[in-house]
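Here is a short report on a two-chain model. Keep the sequence and the 3D view open as you read.

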Amino acid sequence: MKRDVWTGDLAFATLPWIAGWLIIAGLVHMASIFAMPRLAGKDAFARMSALAQPHQVVLLPATTAQVGAPFDDPALAQGVCRYDLSQGPLRLRATLAPDALMLFSFHARHGQIFYSMTDRSATRGKLDVLLVTRQQLDAVEANDPEDELPQDLRIIAPTPEGFLLFRALAEFPGEMAEAEARIQSIACGLDRDARS
Amino acid sequence: MLHLLKILLTAVAGLWLGLEATYYAVERGADQGFGTGLIFGAVHAGPWSGWPKTGTREADPYARALFARTSETPLGVTEGLSFIAREDSSGAALTSACDYVVAKAIPAARFWTLSAMGPDGKLFPTTSQRHGFTSSELLRSADGGFEIRVSALARPGNWLEVNESQPFVLMLRLYDTALSANAFAVTASAMPSIVRERCR
């Protein structure tokens, strides 16, 4: 009888410590998971930064046994265009070949994909995208003519820095050079008309 | 004094357990590749698994943490969907000691590719210099069906070579697919089957 009281007391005394231990563990776990994209030094942005200066299209080396990020599709040619909107809005223009697969994805600084599309999004074979911050969009819209709709697609980037990834499918192994040429035909750079 | 020691001990133990859990979730995934560390938002269809949410704004924190470690760039959801198979249709792990036939159904997509790579997502050297097939280059039967033979030894038809000395996984990518809008509705019968044939 006396013994039961003693074990009960011990459990009662230990319980808050165990609860505290688990709560601290949970908080540490959540904090470290959320912090990882900001702390990890070798993320996709770092990989792209090592390869390319901002505001130009740079081909990524072809995926082989040694080169390339894990799980890249070897049938794709890839190119990157880094952006830094603190220098002004980014203009992306491309003339696309009919029925040749082109993929476009917009990556924020810490890995988030905030927009993606394929060549099917082009109107009459042309793609015209303006990547802006919220403030830049206001400035651009203030300069829009009142009586016509904007001809370009305007996308707000969640972070001022990041990169666009272009991927072109080589349908046959011998077409890799053509796929790379399609990527290099993309114009990506600071918007010249911007008044920001 | 004893109280302070207990608090300190609890804090240290909490720190350890929390970081251990993070290590387990992310680093193990970074070592073993696509999907291992991804806990949420999986789609399973037969032997295939995909994580369609990783290519959207709604990517969960675990996926973001994992990709920050591996520098992977997953497909944006409008670009297409990726699926990985580590097992055959019967549920047995893929091994380069056996031959497999990947065939039958494929979800509607403008283009698709099937490639073989190591479980860590790295390509391995092959004598055929081939790591995958695109939907355009496949030899097809009269009814439009296809059969891809996965083997370490040369095979007639669509031969996807794997390396005898290395484990492998299969990646299926559907580009420009209507499935993107509704990835969670995909069923096993809509996906290619992976059937084991002879083993050595």
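## Two positive phi angles

B:Gln129 sits in the loop between β5 and β6 of chain B. Helices (H or I, at least four residues) and strands (E, at least two) are DSSP runs, numbered from the N terminus. Phi of B:Gln129 is near 60 degrees, positive although the residue is not glycine. B:Gln129 counts as exposed because it has 9 C-beta neighbours inside 10 Å. The cut-offs: a residue is buried if 20 or more other C-beta atoms lie within 10 Å of its own, exposed if 12 or fewer, and partly exposed in between, with C-beta atoms placed from the backbone.

B:Asp176 belongs to strand β9 of chain B. Phi of B:Asp176 is near 55 degrees, again a positive value in a residue other than glycine. B:Asp176 is buried, since 21 other C-beta atoms lie within 10 Å.

## Model and confidence

This is a predicted model: local features need pLDDT of at least 70, side-chain atom pairs count only at pLDDT 80 or more, and totals for chains, interfaces and linings use all residues. Residues are numbered from 1 along each chain as its sequence is written, while chains are lettered from A and ligands numbered from 1 in the order in which they are written.

The model scores ipTM 0.86 and pTM 0.88. Chain B averages a pLDDT (the predictor's confidence in each residue, from 0 to 100) of 89, and 94% of the residues score at least 70.

## Where the chains meet

Chain B puts 53 residues into the contact, and chain A 44 residues. Two residues are in contact if their C-beta atoms, placed from the backbone, lie within 7 Å. On the side of chain B that touches chain A, the elements giving two or more residues are α1 (2-32), α2 (61-70), β5 (109-117), β6 (132-134) and β9 (169-177). α1(B) gives the most, with 13 residues.

## A helix with one buried face

Helix α2 of chain A covers residues 44-51, and its buried residues are A:Ala44, A:Phe45 and A:Met48. They line one face of the helix, because they fall within an arc of 95 degrees seen down the axis of α2(A). The arc is that of the directions from the helix axis to the C-beta atoms. These buried residues pack against β2 (76-84), β4 (102-108) and β8 (161-169) of chain A, together with α2 of chain B.

## A loop alanine

B:Ala105 is in the loop between β4 (98-103) and β5 of chain B. B:Ala105 counts as partly exposed, with 13 C-beta neighbours inside 10 Å. Leaving aside neighbours within four places in sequence, B:Ala105 is in contact with B:Ser189, B:Ala190, B:Met191 and B:Pro192.
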